[in-house]
There are 4 protein chains.
Amino acid sequence: MSGTTDQQELPVSSEAPVDPDDVKIGYIGGGSRLWARNLTKELALDETMSGEVVLYDTDHESAQRNEEFGNWVQEREDAVGDWTYRAVESREEALTDADFVILSTQYPPTESMKYDLEIPQEYGIHQAVAITSGPGGIMRAMRTIPVYRDIAAAVREHCPDAWVLNYTNPVTYVTRTLYEEYPDINALGLCHEVFHAQELLAEIVEDQFDVPKPSRDEIEVNVQGVNHFTWVDEASWNGHELLPVVEQYMEKDGVVREYTQSELEDTSHSMHPGFQDNNQVTYELFKRFGVLPAAGDRHLVEFATWFLQEDMPEDLNRWGVLRTPSSYRLARWDDEADTVQQFMDGEKEFDLSETGEVITELMEALAGLSDMRTHVNLPNNGQMLDAPEDAVVETNAVVTQNNVRPIVSGSLPRPVQTQVTQQINNQETIIEAAFDGYDVDYAFQGFLNDPQVKTLQTETARDLFAEMCNALQPLLDDWNLGESETLNESPKFDLE
Amino acid sequence: MSGTTDQQELPVSSEAPVDPDDVKIGYIGGGSRLWARNLTKELALDETMSGEVVLYDTDHESAQRNEEFGNWVQEREDAVGDWTYRAVESREEALTDADFVILSTQYPPTESMKYDLEIPQEYGIHQAVAITSGPGGIMRAMRTIPVYRDIAAAVREHCPDAWVLNYTNPVTYVTRTLYEEYPDINALGLCHEVFHAQELLAEIVEDQFDVPKPSRDEIEVNVQGVNHFTWVDEASWNGHELLPVVEQYMEKDGVVREYTQSELEDTSHSMHPGFQDNNQVTYELFKRFGVLPAAGDRHLVEFATWFLQEDMPEDLNRWGVLRTPSSYRLARWDDEADTVQQFMDGEKEFDLSETGEVITELMEALAGLSDMRTHVNLPNNGQMLDAPEDAVVETNAVVTQNNVRPIVSGSLPRPVQTQVTQQINNQETIIEAAFDGYDVDYAFQGFLNDPQVKTLQTETARDLFAEMCNALQPLLDDWNLGESETLNESPKFDLE
Amino acid sequence: MSGTTDQQELPVSSEAPVDPDDVKIGYIGGGSRLWARNLTKELALDETMSGEVVLYDTDHESAQRNEEFGNWVQEREDAVGDWTYRAVESREEALTDADFVILSTQYPPTESMKYDLEIPQEYGIHQAVAITSGPGGIMRAMRTIPVYRDIAAAVREHCPDAWVLNYTNPVTYVTRTLYEEYPDINALGLCHEVFHAQELLAEIVEDQFDVPKPSRDEIEVNVQGVNHFTWVDEASWNGHELLPVVEQYMEKDGVVREYTQSELEDTSHSMHPGFQDNNQVTYELFKRFGVLPAAGDRHLVEFATWFLQEDMPEDLNRWGVLRTPSSYRLARWDDEADTVQQFMDGEKEFDLSETGEVITELMEALAGLSDMRTHVNLPNNGQMLDAPEDAVVETNAVVTQNNVRPIVSGSLPRPVQTQVTQQINNQETIIEAAFDGYDVDYAFQGFLNDPQVKTLQTETARDLFAEMCNALQPLLDDWNLGESETLNESPKFDLE
Amino acid sequence: MSGTTDQQELPVSSEAPVDPDDVKIGYIGGGSRLWARNLTKELALDETMSGEVVLYDTDHESAQRNEEFGNWVQEREDAVGDWTYRAVESREEALTDADFVILSTQYPPTESMKYDLEIPQEYGIHQAVAITSGPGGIMRAMRTIPVYRDIAAAVREHCPDAWVLNYTNPVTYVTRTLYEEYPDINALGLCHEVFHAQELLAEIVEDQFDVPKPSRDEIEVNVQGVNHFTWVDEASWNGHELLPVVEQYMEKDGVVREYTQSELEDTSHSMHPGFQDNNQVTYELFKRFGVLPAAGDRHLVEFATWFLQEDMPEDLNRWGVLRTPSSYRLARWDDEADTVQQFMDGEKEFDLSETGEVITELMEALAGLSDMRTHVNLPNNGQMLDAPEDAVVETNAVVTQNNVRPIVSGSLPRPVQTQVTQQINNQETIIEAAFDGYDVDYAFQGFLNDPQVKTLQTETARDLFAEMCNALQPLLDDWNLGESETLNESPKFDLE
């Protein structure tokens with residue numbers, strides 16, 4: 001038994017219960033495109049809560065557009081909820097007295113994502129998304145940690161008992177940072193990738209049991225792992241175990257198959273092909289390890305790095321995965337802004353329908369209107385037996401009024417736990433580097449240990465790290481780049 | 001990270017789902033008085049399931065009386081469920097193809113309880129119930145473990161995927177034995193003592209919030225500990241934290257008070273005064289340790305042994321606790337048998353109403369008819385952070401179709417965890433003694449470490465142990481008493 | 001794997017090596033009677049080191065007497081070492097540039113020990129020594145912790161790399177405090193009780209192997225536990241395992257026997273009978289648990305509290321243990337002062353011979369003159385597998401130049417580990433209470449859990465605690481007694 | 001605290017002490033070339049022990065040659081020890097009554113090593129030695145585990161208390177197997193790679209302190225890790241900390257430098273260039289991680305796989321490492337046999353001098369003639385805080401009569417521990433696969449997780465695995481290759 005003094009607490013709010021008729025949501029990153037739009041829809045369709053959404057963003061103009069859009073939606077007849085949107089110029093105003101704080105910032109600017117993807121590529125590292133792992137994911141974490149330390153401190157000051165719902169990537173790093181800075185915070189790291197596995201299983205149930213496709217809620221899954229690298233070791237529908245059914249399904253013609261690059265790049269689909277999920281990586285990992293990964297293939301390959309090896313990008317395409325080009329991301333970003341305007345201008349038809357997100361269900365459960373089980377990212381308090389205490393892990397949890405408690409997920413098979421443990425250790429290294437004086441050289445040790453980076457010689461890895469730090473200098477000013485031996489040793493770094 | 005090969009698994013059944021219209025319940029201890037009557041009532045009132053209850057008992061006559069009684073109840077008009085009762089003479093017949101196995105044996109005979117209570121009393125140890133801890137609890141465990149090893153082996157053979165619902169005391173020892181013998185068993189240790197805390201909290205809510213008394217289900221509690229020594233560190237009603245409310249309530253006149261022996265022995269109450277719960281031990285422990293114990297006072301004092309010290313029984317009575325006399329138990333045992341007969345003979349009015357047990361809700365949840373959260377006793381897989389892995393602990397769990405998963409309960413304050421850990425270590429010692437060749441001398445080491453026994457000199461403790469083993473010889477024949485150095489050294493032991 | 005950031009480090013000094021010809025010893029508690037005399041003898045007999053002993057004591061007069069005495073001894077012909085003694089009035093002066101710091105304070109005054117022993121006795125708790133456990137031990141810990149936090153801070157300031165050798169009781173609490181306050185300290189908790197077990201084993205070897213009694217160094221023992229409650233699970237002499245030999249020896253006539261009070265009080269022996277060790281508790285514990293305790297019987301009974309139960313003091317005397325009367329302690333204290341003076345005045349003959357302490361061997365090893373294995377008290381870094389990390393445990397260690405590393409001791413049998421764990425948890429509770437704002441009410445929770453205190457009702461325990469705190473108020477001024485609910489509730493407490 | 005029932009015990013022999021004048025050494029693999037020659041030399045030079053060496057080998061002829069050679073050496077005048085050599089045809093004869101068992105088999109035949117190195121090379125994996133990690137190391141482990149399970153069983157039967165000294169690679173796997181099969185075995189995994197670090201440090205001391213090169217015994221190091229991937233986090237000479245001195249030394253011209261392939265292939269050195277150690281990998285890892293690796297560079301690169309990446313073999317050569325060609329190994333093997341014959345025939349001069357091995361010191365210590373500290377491979381009982389219990393780790397230990405106890409090594413920096421943990425988890429996976437029915441598909445999961453293999457796509461890795469299993473079929477007959485889904489799926493596998 002160890003002392004519990006410094007332990008990160010399970011989230012439970014000691015405040016008076018949330019009044020569902022007078023909810024204040026403080027939205028940090030309130031200029032967000034996709035996320036704010038989804039929230040607006042979900043709130044408009046919710047009959048049980050009313051209140052105010054206060055939008056704060058460093059890009060105030062975007063927040064104002066979302067204010068306008070939110071209020072525009074509320075005026076529609078099919079909007080059953082009663083909500084007001086307000087953009088503010090002070091973060092404090094958004095946070096003070098908030099019942100819920102939503103974190104969904106697009107900071108730092110999307111151009112940085114370009115560097116995340118493109119610089120490693122010059123070194124032969126072909127990341128698929130560069131959001132949670134790999135050189136791009138680590139750089140993103142390094143930029144994001146200082147921002148969220150600051151947010152955690154502001155929550156402690158202005159709304160210490162609020163429920164903080166984080167949707168910002170990398171979710172693990174952000175959630176870990178919030179708790180490390182403010183151990184009593186009531187924060188949840190949220191992500192919809194696990195729903196992906198439930199959807200896939202629902203399709204398989206439809207196919208194999210010859211029934212109408214069940215809703216994803218009918219698919220019970222036990223999940224465990226770290227965000228974007230979570231695994232299902234138990235799944236059932238209607239009392240039937242599903243993992244053996246997946247095995248059967250995989251034997252069916254055409255389910256497990258190879259893809260070609262040209263097939264993938266065919267843009268006649270509605271969705272950008274980079275976001276199409278063909279599940280071949282999922283099937284292959286299930287076949288090799290006996291448990292089912294629960295994230296999109298393009299995320300999985302960043303952790304299960306076998307798929308990023310050999311002839312790239314063909315050998316990745318063969319699994320049905322197309323790398324997201326960074327140019328597409330930038331374009332999409334601008335598109336989204338336009339889209340909202342087009343809706344309001346009547347140029348594009350706006351469809352007020354559910355988005356698949358569970359955010360209103362979650363707020364309802366926390367407000368005491370119902371109970372809920374869903375997967376969340378939280379510091380480990382036993383829910384994942386073989387993960388280190390306090391590491392942020394993703395498992396199921398029970399959400400009740402003012403309270404979230406993880407459900408025990410048990411143990412993964414050792415070969416899978418090994419992969420998860422390695423990622424956790426690298427994440428913890430970066431967190432330690434940040435909280436121990438923003439030690440760049442120590443962060444580089446975590447970078448070196450990333451499985452994607454392990455395909456380089458140490459000095460090449462150093463140059464990659466230096467080149468990325470160099471390009472991203474303005475976003476890394478909490479890190480004392482100038483004093484780093486690693487950086488100064490590299491020809492790729494030139495302190496501005 | 002340690003290997004998981006030998007770990008006791010979380011219960012999940014791989015069988016086909018239970019068919020709610022054709023349920024088979026195998027009842028081991030089917031001659032049980034109180035428990036079988038409660039089950040009969042609950043099933044008769046349940047609209048969602050139908051099937052057969054197969055009763056097996058070493059006392060076949062009692063099983064036959066319960067068969068007769070069960071079928072008699074089913075014939076009543078107000079019995080909505082459709083169930084058949086059948087007493088059988090072979091355990092195999094009860095188990096084969098069972099969906100649920102209920103364990104509620106009164107073996108060994110109640111006379112042994114007399115020894116459990118009375119012999120220690122001669123040595124100055126005044127147990128209150130002698131069921132789960134103390135010299136009587138340990139003796140009971142020693143008698144019970146071999147019986148349940150045998151039952152676990154029979155389950156493995158005849159119905160390996162059945163849900164085994166254990167109500168037999170000592171619940172921790174029995175559940176631990178089932179899993180140690182058959183690690184893949186789907187067994188739950190069940191007990192209603194935690195409901196006691198919920199009822200108390202409901203009464204306090206009624207008093208302090210001036211509302212009608214809520215049902216116990218509306219009182220959310222986080223529980224953790226070992227059976228009969230479980231603690232609530234978080235309680236809420238309607239989003240209001242209740243532990244501070246309990247503190248307020250305790251300041252009210254007459255809530256915290258002293259009792260006299262004569263007041264307690266006043267038998268004008270309907271319930272035997274030994275079963276009346278006055279909550280003074282609960283209040284005192286809450287006051288000292290800041291978390292609320294969740295079991296009846298008479299159970300708590302067996303673990304929190306301060307209350308059994310000094311002038312007995314006055315100093316125990318002062319807390320509102322009256323020791324159950326063993327004579328009462330025997331009388332009650334016979335009464336119960338008579339009662340059932342009187343019901344059927346129409347001599348006593350039978351009231352078909354709910355019993356407060358959750359057994360049908362539990363079976364419904366496991367059959368997929370609904371979800372449920374309740375407290376259960378299960379091997380520790382992380383649900384109790386500071387308890388040893390595999391020890392059986394009591395926490396909340398989520399029950400869904402074919403599946404039970406504990407909810408993470410977190411950490412108790414160190415001074416409380418210390419007391420729980422000590423009990424767990426003693427329990428594990430007795431279990432090790434049993435599974436490592438029924439080693440009597442090693443079991444005595446656990447006996448010596450019991451906090452009640454620690455009030456004796458080592459040689460006096462040896463004599464107490466020897467005298468109890470001597471009296472209970474016929475029930476301890478799996479233990480090689482004759483080879484025990486401890487026993488042979490004592491004048492109180494004389495091998496028959 | 002957990003992060004190691006806050007972990008208490010293994011002691012290793014990063015300073016330049018100690019120069020054996022110019023050693024500075026800073027002696028805190030330099031007015032100490034027995035300990036300073038022993039040090040003086042050992043240094044005088046040591047040929048390998050020379051230097052200065054700087055004596056600091058709040059009782060400056062005593063320090064001056066020891067200065068005088070030390071220099072007087074050095075003038076003798078048979079004094080081979082070259083050492084100077086100097087009493088100083090500032091602690092800083094004693095510490096600055098010290099290579100070694102010896103901690104052996106008699107603070108707080110011996111009168112307090114009277115309360116430690118006598119007040120509990122009024123409540124029926126008959127402690128034997130009241131130094132490390134029981135109500136007196138805990139009170140002593142509460143008085144001592146603030147003093148040693150202050151000393152640890154001074155070491156950090158004035159001689160951060162010095163080797164700190166602590167001989168002050170309670171050794172576990174003091175050592176734990178030093179590391180908690182200053183995690184990088186190079187401190188060792190030292191105690192000679194384990195030598196007792198080696199001496200006993202040497203006598204048994206002499207008897208059973210019919211050889212001259214070996215020196216204690218020839219008896220290899222593996223020890224583990226907490227100070228004064230340490231156990232030997234492996235002992236050998238010359239390659240022969242000794243534990244089975246102890247069993248044989250115990251069967252010999254007269255070895256295991258009973259004592260009477262009058263026999264014990266016979267003062268014709270040279271040593272006060274309270275300090276005579278008859279090993280009957282040692283034998284009984286070995287018989288019951290199969291491992292050999294390694295401390296004097298009068299210490300053991302404070303942890304293994306069976307021996308303090310039933311008819312006192314007869315039932316304790318029966319084991320050959322006589323409680324040290326507090327009057328004797330005070331008398332002895334004055335005697336010792338006189339003794340030193342008598343030596344110098346020639347009234348009493350001074351014999352310059354070895355004392356059995358290993359302090360010079362230890363300093364030689366740390367100075368690089370030799371290697372050494374001995375038992376030490378250190379934070380747990382793995383040396384005791386089943387003890388919590390950072391708890392201070394007593395095991396063997398290897399001492400080399402500027403370095404001390406514990407040797408892995410493995411696991412105790414569960415029933416013994418249970419007893420040790422309970423003590424550790426109580427110790428950690430008191431430490432947490434002290435470091436978390438000197439929380440008196442939390443400390444009382446640790447007091448309640450002490451096995452000696454468990455023989456009282458909770459309110460009686462409260463009164464005992466209050467009465468002791470009341471008597472010792474001047475020594476507890478770091479603890480905010482006035483704000484304690486526990487104390488204010490008791491009629492025995494009256495804040496001055 | 002967890003139960004200790006199944007734990008692997010620390011080695012301690014309960015037998016009568018070894019009689020140094022009548023030692024029996026059973027040598028399994030007694031036809032070994034290099035190792036037997038070294039043993040013969042060391043024994044001939046040892047004055048303190050005498051006895052018999054009984055040589056057993058499946059290649060009886062080789063054992064006979066070593067018998068002849070051993071007795072030939074004993075006849076020399078400068079042979080001070082008194083030893084007889086005897087080759088036997090039954091393993092039982094070698095083991096029965098042995099005091100020491102030496103394990104140093106060259107089974108399986110060296111041709112298999114060719115496959116270990118050459119097949120992976122076709123897949124772009126350029127191992128340096130393929131002994132302990134990487135595809136070749138894992139294959140070697142898979143072949144070796146069954147052989148050593150059998151040896152462990154034979155030791156249990158014929159000489160259960162003998163000291164088993166294992167020198168066979170892969171040392172971790174072999175030692176782990178011995179303890180898993182027979183938990184009470186007294187086995188030590190031994191390897192001289194750590195001496196390499198001590199030698200290097202001695203050279204640096206000579207250079208930096210301007211003193212004659214100290215002997216390696218004067219260099220104190222704290223080591224921890226797994227065999228061939230062990231790290232020094234603390235080193236000292238004469239009380240001076242050495243790690244900062246290494247940093248200084250590395251700044252000296254020419255110490256840290258690049259090598260070319262042609263420079264390395266210059267065979268004018270006495271030693272084959274593949275065995276020349278240029279320490280550049282050691283320096284680079286020290287620079288990156290702040291702790292010093294303690295194995296030869298060619299071993300380190302198999303674990304720290306950055307060095308095996310990019311343009312091979314140039315990018316490996318740049319660090320001064322030349323891969324051992326398998327042809328050289330085979331040639332050397334035959335050479336060694338010839339050499340011994342040439343010595344006896346007088347064709348080559350035999351020099352009876354110390355070999356640098358510590359085997360006689362170790363046997364002397366175990367026989368009680370002296371104490372010793374050295375590094376050993378043993379199941380983790382706390383000596384390596386962050387490694388899983390029971391995994392075999394390499395740390396220092398104290399060797400005394402009949403007893404070996406590891407010294408607590410503490411914690412490695414997280415980024416280094418991460419690398420070690422990953423290796424341990426892969427090793428444990430292979431061990432589990434072997435002990436859980438020789439499960440080939442599960443072993444493949446460990447193979448997939450090897451950092452060298454992670455440079456391949458999963459299906460390529462499968463083919464590599466299949467091709468290696470195919471080539472080595474006769475040596476893998478305990479593994480049920482025919483039932484493996486992984487193998488049967490691959491075109492590279494064709495069951496004979």
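Predicted model: local features only at pLDDT ≥ 70, side-chain atom pairs only at ≥ 80, totals over all residues.
Tutor: Buried area is the accessible area that two parts lose on being put together, summed over both.

Student: Okay, so what makes about 3900 Å² the area buried between chain A and chain D?

Tutor: That figure, about 3900 Å², is the area buried between chain A and chain D, and carbon and sulfur atoms give 45% of it. Because buried area is summed over both parts, the value covers the two sides together. On the chain A side, Arg288(A), Trp306(A) and Gln457(A) lose the most area to chain D, together 21% of what that side buries.

Student: Why is the meeting of Glu489(A) and Arg288(D) called a salt bridge?

Tutor: Their side chains come to 2.7 Å, N to O. The cut-off is 4 Å between a side-chain nitrogen of Lys or Arg and a carboxyl oxygen of Asp or Glu, so the pair qualifies. Across the interface of chain A and chain D the rule finds eight salt bridges, along with 35 residue pairs in polar contact.

Student: Which helices of chain A supply the side that touches chain D?

Tutor: Helices H10, H12, H15, H16, H17 and H18 of chain A each give at least two residues. H15(A) brings the largest share, 11 residues. By type, that side of chain A divides into 13 nonpolar, 16 polar and 13 charged residues.

Student: How do you know that H10(A) is largely enclosed by the rest of the structure?

Tutor: Count the buried residues: nine of the 10 in H10(A) are buried, so the helix is largely enclosed. Buried here means under 20% relative accessible area. Among the nine are Tyr283(A), Leu285(A), Phe286(A) and Arg288(A). Just after the helix, Gly290(A) takes a positive phi of about 80°.

Student: What makes E12(A) and E13(A) a strand pair?

Tutor: They share four bridges, in the antiparallel sense. Pairing needs at least two bridges, so four is enough. One of the links joins Val399(A) to Val404(A) in E13(A). The two strands form a hairpin with two residues between them, and Asn402(A) in the turn has a positive phi of about 60°.

Student: And how do you know that both faces of E13(A) are covered?

Tutor: Look at each side of the strand. Asn403(A) and Arg405(A) lie on one side, Val404(A) and Pro406(A) on the other, and all of them are buried. With each of these residues under the 20% cut-off, the conclusion is that both faces are covered.

Methods: Residues numbered from 1 in each chain as written. Chains lettered and ligands numbered in written order. Heavy atoms only, no water. Buried area = accessible area lost by both parts, 1.4 Å probe. Polar contact = N/O pair within 3.5 Å; in protein donor to acceptor, adjacent residues only side chain to side chain. Nonpolar A, V, L, I, M, F, W, Y, C, P; charged D, E, K, R; others polar. Buried < 20%, exposed > 50% of the residue type's maximum accessible area, 1.4 Å probe, protein only.
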